[in-house]
Amino acid sequence: MVVGILGGGQLARMLALAGLPLGLRFRCLDPAPDAVAGHVGELVVGAYDDPEALRLLVRGVRLVTFEFENVPAAAADWLQAHARIAPSPTALAIGQDRLREKQLFRSLGMAVPEFRTADSREQLHTAVGEVGLPCVVKTRRLGYDGRGQVRLRAQERPAATIDAAWEALAGPGTGGLIVEQFVDFDRELSVIAARGRDGSIAVYPLVENEHAGGILRRSRAPAPDVPARVVRDADAFVRAALEHLDYTGVLTIELFLRGDTLLANEMAPRVHNSGHWTIEGSVCSQFENHLRAILGLPLGSTAMAGDGVATMVNLIGELPARARLLALAGLHVHAYGKSPRAGRKLGHATVVGHDRAAVDAIAAEVARLPLAAPGDWGFAG
Ligand code: AMP
């Protein structure tokens, strides 16, 4: 059986790597001829909204899923008319719009950072005035890895900065802007869960995430030292979201923790970088569970493998020297086959064990390694 995936990046690649042992095969659609899922499955090269490319994607395919949420509505509609798709176009539509996400979260009783929308320069000035400084101005759509957002700090005369934010962010396809109160959070968390076609739900242990420059750097699971009530709140919240959306597949919700209070930041209707540790760190990975869910198969256990702990670090911009990386005891290395570029996610590494400090110490070694010489990894760069 062939599963179709819109997008051929590392998430599609890891979905395929998880599905091959289940006897599945994969076909991905991506505009880039060197999309890395093409190393492990069939690749159709074309635009996401090109009907001919979509036709090639779904030929002989009964089920199509997505590695990203910014699917053009026309493509989602076309796919829904020609194949079974999961998650649903509604979940995708909400996941690509920060305003709709916040409205959903609020309707489910979850706190969100104070916010206002702004569709013009004048409205942006008003919105910043109402939300107050410091704040974060974001595009409603098409933001990722810290792109599409500008932080405004507390200052006496913010008018010029607000104008600059408008110039930097407003543009076609962004859906207008949203101004969010800057949350002085203690920690960032994410909750990842799968819901099967039969409505069964499996929630992974809560994850703690650390970002720099808007890009995820390190995830640790289970999130250390989180009060039991917070874990219960996150669990109940993701279940409510899955039920409300009648969702099928893996859903990720990013959260801020301030004191004992959770605030919801955004959701990703897909497998997520903060769940890469599940490949070795849990009994059944987010990738396998996403496939199980969308195929109507029983979900696998989301418990920590061997009742342990896991730490994942991203490999960003440039890879470390390969032999040095592989010499780190217990480190599971995932290089995605992408060529180096500043800020680009090229791979990740996961350590699993029983001692939190020891696991973190090995993961921390990764950042201290020398960078790879050109050609060290055997692919471009
Ligand atoms: P996002 O694209 O919304 O996930 O934002 C990327 C990162 O920017 C988050 O993971 C936070 O580290 C930071 N960030 C985003 N929104 C806020 C906010 N309202 N307050 C504080 N930090 C934020």
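These legends go with a set of close-up views of one predicted protein model with a ligand.

A word on the numbers: residues are counted from 1 along each chain as its sequence is written.

View 1. The protein is split into domain 1 (2-85), domain 2 (114-181) and domain 3 (187-380), with bounds that come from an automatic or database domain assignment. Between the C-alpha centres of domain 1 and domain 2 there are 34 Å. The ligand sits between domain 2 and domain 3, because both of them give residues to the shell around it.

**View 2. The shell around the ligand.** Here you see the 15 residues that surround the ligand, with R98, K138, V183, E188 and E266 the closest; a residue gets in if one of its heavy atoms lies within 4 Å. By type, the shell has 5 nonpolar, 4 polar and 6 charged residues. Strands β7 (135-139), β9 (177-181), β14 (249-258) and β15 (261-268) each put at least two residues into the shell. Strands (E, at least two residues) and helices (H or I, at least four) are DSSP runs, numbered from the N terminus.

View 3. The side chain of E266 has an N or O atom 2.6 Å from a ligand oxygen. For N265, the side-chain N or O atom is 3.1 Å from an oxygen of the ligand, and for H211 a polar side-chain atom lies 3.4 Å from a ligand oxygen. On its own the ligand has 470 Å² of accessible area, and the protein covers 94% of it (Shrake-Rupley method, 1.4 Å probe).

**View 4. The two sides of helix α7.** Which residues of α7 (residues 159-169) are buried? They are I162, A165, W166 and L169, and they span an arc of only 100 degrees around the axis, which puts them on the same side of α7. The arc is taken from the directions from the helix axis to the C-beta atoms. A160, E167 and A168 are exposed on the other side. Buried means under 20% relative accessible area, exposed over 50%, and partly exposed in between (1.4 Å probe, protein chains only).

View 5. R187 lies in strand β10 (residues 187-195) and is buried, at 18% relative accessible area. Its side chain reaches the backbone oxygen of D225 at 3.4 Å. D225 belongs to the loop between β13 and α8 and counts as exposed, at 74% relative accessibility. Most residues other than glycine have a negative phi, and most peptide bonds are trans. D225, not a glycine, has a positive phi of about 55 degrees. P222 is in the loop between β13 (215-221) and α8 (228-244), and a cis peptide bond with omega about -15 degrees joins A221 to P222.

Key. Predicted model: local features only at pLDDT ≥ 70, side-chain atom pairs only at ≥ 80, totals over all residues. Heavy atoms only, no water. Polar contact = N/O pair within 3.5 Å; in protein donor to acceptor, adjacent residues only side chain to side chain. Nonpolar A, V, L, I, M, F, W, Y, C, P; charged D, E, K, R; others polar.
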